[in-house]
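This briefing goes through one protein model by topic. Look over the sequence and the structure before reading on.

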Amino acid sequence: MNLEYPILVIFHVLGAAIWIGALVSFVLGTLPAATRTGDLSQLKSTGKIVLGRVGFAALVVQALTGIRLAGNWINWSTIFKEPNGHLILTKIVLLVVLFGLGGFLFHRTLPRLEPDKLGGFVGMTWLVLILSLVVLVLGVGVRVPGFLGS
Ligand code: HEM
């Protein structure tokens, strides 16, 4: 039995669970607590993990496993013409956007965050979560023919 496929799917789904799970707990737990108290110390230390070390590693795993898995569903040379190719291209573009937004929040916003700028940070973090959920749904669209019209 070829174990490559199930192992790739396990890592891809695990990466999605870690990335989205960490974001949900950050957005629904850490951010409201910081908004209530005005104390940003917990937010900064948790944010470094969620958007930094763990988040970055999870997104790298998504990119590597996703590209390898995509080869089972599309032909790279005709990616622009295939319906599944459109879903996968959208996933890749959104992943690049997520790397950009996550990197910006981690390197630029988080280190110099002040209580009066918290609203913008919360909005950006929600955007990252929503885009991540869109990427997840697109993955199900690849997997389930007919869902999302492919
Ligand atoms: C934040 C980034 C990503 C998340 C959260 C994510 C999430 C998911 C999830 C949860 C599935 C499983 C769907 C299912 O089994 O029903 C999936 C499947 C898939 N994803 Fe992603 N994904 C991400 C990035 C990518 C990227 C960058 C690519 C391609 C370059 C990709 C390609 C695929 C493919 C081809 C499948 C179908 C795998 C299969 O079952 O054979 N994903 N994705």
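Arginine 53 counts as exposed because it has 11 C-beta neighbours inside 10 Å. The model is predicted: local features need pLDDT of at least 70, side-chain atom pairs count only at pLDDT 80 or more, and totals for chains, interfaces and linings use all residues. Residue numbers start from 1 along each chain as its sequence is written.

**Arginine 53**
- Arginine 53 is placed in helix H2.

**Overall make-up**
- The protein has four helices and zero strands, in the order α-α-α-α along the sequence.
- Helices (H or I, at least four residues) and strands (E, at least two) are DSSP runs, numbered from the N terminus.
- The C-alpha trace spans about 50 × 30 × 25 Å along its principal axes.
- Of the 150 residues in the protein, 19% are buried.
- Among contacts with a separation of 6 or more, 75% are between residues 24 or more positions apart; a contact here means that two C-beta atoms, placed from the backbone, lie within 7 Å.

- The 34 residues of H1 should span 50 Å at 1.5 Å a residue, and the end C-alpha atoms are 48 Å apart, which agrees. The expected span is 1.5 Å times one less than the number of residues.
- H1 has a kink of about 35° centred on phenylalanine 26. The bend at a residue is the angle between axes fitted to the seven residues ending there and the seven starting there.
- Phenylalanine 26 is also one of the buried residues of H1, together with Gly15, Ala16, Trp19, Leu23 and Ala34. The buried residues of H1 pack against H2 and H4.
- Histidine 12, in H1, counts as partly exposed because it has 18 C-beta neighbours inside 10 Å.
- Beyond its neighbours within four places in sequence, histidine 12 is in contact with Gln62, Thr65, Gly66 and Leu69.
- Glycine 38 follows H1 and has a positive phi, near 80°. Glycine 38 lies in the loop between H1 and H2 and counts as exposed because it has 10 C-beta neighbours inside 10 Å.
- Glycine 38 and proline 115 are 77 residues apart along the chain, yet their C-alpha atoms are separated by 5.9 Å.

- H2, with 30 residues, reaches 40 Å from first to last C-alpha, close to the expected 44 Å.
- A kink of about 55° in H2 is centred on glycine 55.
- Glycine 55 is among the buried residues of H2, which also include Leu43, Gln62 and Gly66. H1 and H3 are among the elements that cover the buried residues of H2.
- H3, with 27 residues, reaches 37 Å from first to last C-alpha, close to the expected 39 Å.
- Leu87, Ile88, Lys91, Leu98, Gly102 and Leu105 are buried in H3, and the buried residues of H3 pack against H2 and H4.

**Nonpolar core**
- The largest nonpolar core has 11 residues: Ala16, Trp19, Leu23, Phe26, Val50, Leu51, Ala58, Leu59, Leu98, Leu105 and Val128. H1, H2 and H3 each supply at least two residues of this core.
- Such a core is a set of buried Ala, Val, Leu, Ile, Met, Phe, Trp, Tyr and Cys residues joined through C-beta atoms within 7 Å.
- Leucine 105 is in contact with Leu51, Leu110, Met124 and Thr125, leaving aside its neighbours within four places in sequence.

**Ligand shell**
- The ligand is surrounded by 25 residues, the closest being Ala16, Gln62, Gly66, Gly139 and Arg143.
- The shell divides into 17 nonpolar, six polar and two charged residues. Ala, Val, Leu, Ile, Met, Phe, Trp, Tyr, Cys and Pro count as nonpolar, Asp, Glu, Lys and Arg as charged, and the others, Gly among them, as polar.

Note on methods: A residue is near a molecule or strand if its C-beta atom, placed from the backbone, lies within 6 Å of it. A residue is buried if 20 or more other C-beta atoms lie within 10 Å of its own, exposed if 12 or fewer, and partly exposed in between; C-beta atoms are placed from the backbone.
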